[in-house]
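Biologist: Hi! Could you walk me through a protein model in plain words?

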Amino acid sequence: MNYSVKKIGQILNATTQIDSKIVTGVSFDSRKVKSGDLFVALVAENDGHDYVQQALTKGATAVLVDDRHQIDSKIPAIIVSDTLLALQQLGEYRRHQINPKVVAITGSNGKTTTKDMASAIMGSQYKTFKTPENFNNEIGVPLTLLTMPDDTEVLVVELGMDRPGQLTTLSELVSPDIAIITMIGEAHIEFFKTRENIAKAKLEITKGLKSQGTLLIPYDEPLLTNAQVKQNVQTFGQDIKDINSSSSKTIFTYQNTRFAIPLLGRYNIMNALAAISAGILLHIELKNAAEALQHFDLTKNRTEQLTTSHGVNLISDVYNSNPTAVAAVLATLKIIPATHKYVVLGDMLELGEQAARLHACLAETVINANVDGVYLVGPLMNKYLYPILQRRFDSAHLHQYETDQLAELIKDLQTLGENGDVILLKASHGIHLENVVNALVK
C-alpha cells in the first residue's frame with residue numbers, strides 16, 4: 001500500500017487536509033500503529049476519534065475520521081461520513097487494483113484450517129497472501145485487502161458470519177473467483193435457530209462470487225447440494241482411499257496422489273480436499289499440493305498438537321466449539337493409539353435456547369470415545385452433561401470446574417497422564433482454555 005492522502009481522498013470521494021503525506025499501512029488500534037500508517041478512527045464500544053493524538057504520536061501518517069468530530073486543521077486527515085464504510089471502500093479499491101485470484105472461505109467449522117491449507121497449496125506456484133489470524137469480519141477483511149503485497153497473485157481470504165446479510169457484504173467486498181463452504185454446523189444457532197437458516201446465510205458467499213466463478217461444497221451436505229446457485233458448483237470429499245492415521249498425521253490417497261497432513265481426523269481430510277479442489281481450479285499440480293500440505297503454517301489454537309513437560313500429548317482445539325465439531329474431534333481421539341486418553345470439554349457458546357439439549361446430547365459421543373477421564377468446564381457442561389455422564393463415570397474419572405476455576409484445572413492436569421498419553425481440550429473461545437494449554441506446555 002502506497003497512497004497519498006490526496007489519492008485516498010479521491011478514492012473515497014472525501015475531503016482531505018494536509019494531503020502531501022504518503023500512507024504505507026493501516027491500523028484501527030492506536031496501540032499498534034506503526035510509522036506510515038493510516039489510523040482509522042472507528043466508532044464502536046470505544047470511539048477511535050478519542051485516540052487520534054495517540055495514533056499520531058505513535059507515527060501515524062494520517063487519520064481517517066468522520067465529519068461529526070472536530071479535527072485540528074493541522075492534522076493530515078481524510079474526512080468521511082462513515083469510517084467503517086470508507087475502510088471497506090478503500091479495501092475494495094485495492095482488491096481490484098491488484099486484482100489477484102481470490103479464494104474465499106466460510107463455514108461453521110474448519111474455515112481457518114482450510115484457509116491455511118489453501119494458502120500453502122497456492123503458495124507452491126503463486127505469490128499468495130492469506131487472512132492474518134482471524135481477521136474475517138467487516139473490519140478484518142478490508143484490513144486484509146489493504147495489507148496484501150502489491151505482487152499478490154492469489155488471495156486466500158476467510159469470511160466469518162454471525163448474522164444474516166454479513167456474508168453478502170463481505171463476499172461483495174472481495175469478489176471471489178472461488179468460494180468454499182467447509183460445512184454446516186451449529187455455530188451461531190442461537191441467532192439462526194436452525195441449520196437450514198445457517199446454510200442459507202452461508203450461501204450468501206455466492207452474492208459476490210463472479211458469474212464465471214465456482215462454489216465448492218461438501219458432497220454429503222444436502223442443505224448445500226440441493227441449493228439453487230447461479231454459478232458453477234463442484235463438490236469435494238468423494239473418492240478418498242487408503243486412509244491411515246498415526247498420533248501425528250493423517251494419510252490418504254486422492255486422484256492417485258498420496259497426501260499426508262500433520263493433523264488428525266477425517267474432518268481435516270475434508271478441509272484438505274476443499275483446499276486441494278481450489279488448487280485444481282487454479283491449475284496447481286497435485287504433487288505440489290501434496291508437498292505443500294506436509295508442512296504448513298496452522299493458525300494458533302486450531303487442532304494444535306503439543307506436548308507437556310512430562311511427555312503427554314495435547315490436542316488443543318480451543319478457538320470455537322459446537323456439537324458437530326466436538327463429535328468430529330472425539331471420533332479422532334478414539335482412533336489415536338495411546339495407553340490413556342483424557343478429554344477436557346468447555347461450554348459451547350451461542351447455542352441459545354438449544355444449549356441444554358445440545359450439551360446433553362454430547363453424552364453418547366463422549367462415552368463412545370472410550371476415554372479414561374472427563375473434565376468439564378463451565379455452567380452448561382456442568383448442568384446438562386455432567387448428570388448424564390455420572391451414570392457411566394465414577395467420581396475419580398469425571399470432574400467439573402466453573403470458568404473461574406481454571407487454575408484448579410491446570411493443577412489437576414499437570415500431573416495427569418504419562419509419556420505418550422493424550423489430553424484433548426475443546427471449547428468455545430469464551431471459556432479461555434488456551435490459558436490452560438499455555439500453562440501445560442510451559
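Here is a chat about salt bridges, a sheet, aromatic rings and a pair of helices.

Modeller: Happy to! This is a predicted model, where local features need pLDDT of at least 70 and side-chain atom pairs count only at pLDDT 80 or more, while totals for chains, interfaces and linings use all residues. Residues are numbered from 1 along each chain as its sequence is written, and side-chain values use heavy atoms, with hydrogens and water left out.

Biologist: Let's start with charges. How many salt bridges does the structure hold?

Modeller: The structure holds 16 salt bridges. The term means a side-chain nitrogen of Lys or Arg within 4 Å of a carboxyl oxygen of Asp or Glu. Side chains of opposite charge can pair when their charged atoms come close.

Biologist: Which residue does Arg 163 form a salt bridge with?

Modeller: Arg 163 pairs with Glu 138, and the closest N and O atoms are 2.2 Å apart. This pair links distant parts of the chain, 25 residues apart: Arg 163 lies in the loop between strand S10 (154-158) and helix H6 (166-174), and Glu 138 in the loop between strand S9 (128-130) and helix H5 (140-147). Helices (H or I, at least four residues) and strands (E, at least two) are DSSP runs, numbered from the N terminus.

Biologist: Is Glu 138 buried or exposed?

Modeller: Glu 138 is buried, with a relative accessible area of 14%. Arg 163 counts as partly exposed, at 38% relative accessibility. The cut-offs are under 20% relative accessible area for buried, over 50% for exposed, and partly exposed in between (1.4 Å probe, protein chains only).

Biologist: And what about Asp 317, which residue does its side chain meet?

Modeller: The side chain of Asp 317 meets that of Lys 426 in a salt bridge, at 3.2 Å from N to O. Here too the pair links distant parts of the chain, with Asp 317 in strand S18 (residues 313-317) and Lys 426 in strand S22 (residues 422-426), 109 residues apart. Asp 317 counts as buried at 8% relative accessibility, and Lys 426 is buried at 2%.

Biologist: How does Asp 66 compare?

Modeller: Asp 66 forms a salt bridge with Arg 68, and the closest N and O atoms are 3.3 Å apart. Asp 66 is buried, with a relative accessible area of 1%, whereas Arg 68 is exposed at 59%.

Biologist: Which residues are linked in a network of salt bridges?

Modeller: That network links Arg 95, Lys 101, Asp 177 and Lys 210.

Biologist: Nice. New topic: in what order do the six strands of the open sheet come?

Modeller: The order is S9-S10-S8-S11-S12-S13, and the pairing is parallel. Two strands pair if DSSP finds at least two bridges between them. The edge strands, S9 and strand S13 (232-236), each pair on one side only. From one strand to the next, the twist averages 20 degrees.

Biologist: How many bridges join S9 to S10?

Modeller: Three bridges join them, and the two strands run parallel. Phe 129 stands opposite Leu 155 in S10. H5 packs on the sheet and touches S9 and S10, with its direction at about 165 degrees to that of S10. Contact means heavy atoms within 4.5 Å. Axes are lines fitted to C-alpha atoms, for helices over the stretch in contact, and angles run from 0 to 180 degrees between N-to-C directions.

Biologist: Now rings! How many aromatic pairs are there?

Modeller: The count comes to three aromatic pairs. Phe 252 and Phe 259 form a stacked one, 5.4 Å centre to centre with 10 degrees between the planes. Rings of Phe, Tyr and Trp (its six-membered ring) pair if their centres lie within 6.5 Å; planes under 30 degrees apart count as stacked, over 60 as edge-to-face and the rest as tilted.

Biologist: Are Phe 252 and Phe 259 buried or exposed?

Modeller: Phe 252 is buried, and so is Phe 259.

Biologist: Last one: at what angle do H1 and H3 pack?

Modeller: Helix H1 (residues 5-12) and H3 pack at about 100 degrees, with their axes 10 Å apart. That makes H1 roughly perpendicular to H3. For such labels, angles under 35 degrees count as roughly parallel, over 145 as roughly antiparallel, 65 to 115 as roughly perpendicular and the rest as oblique.
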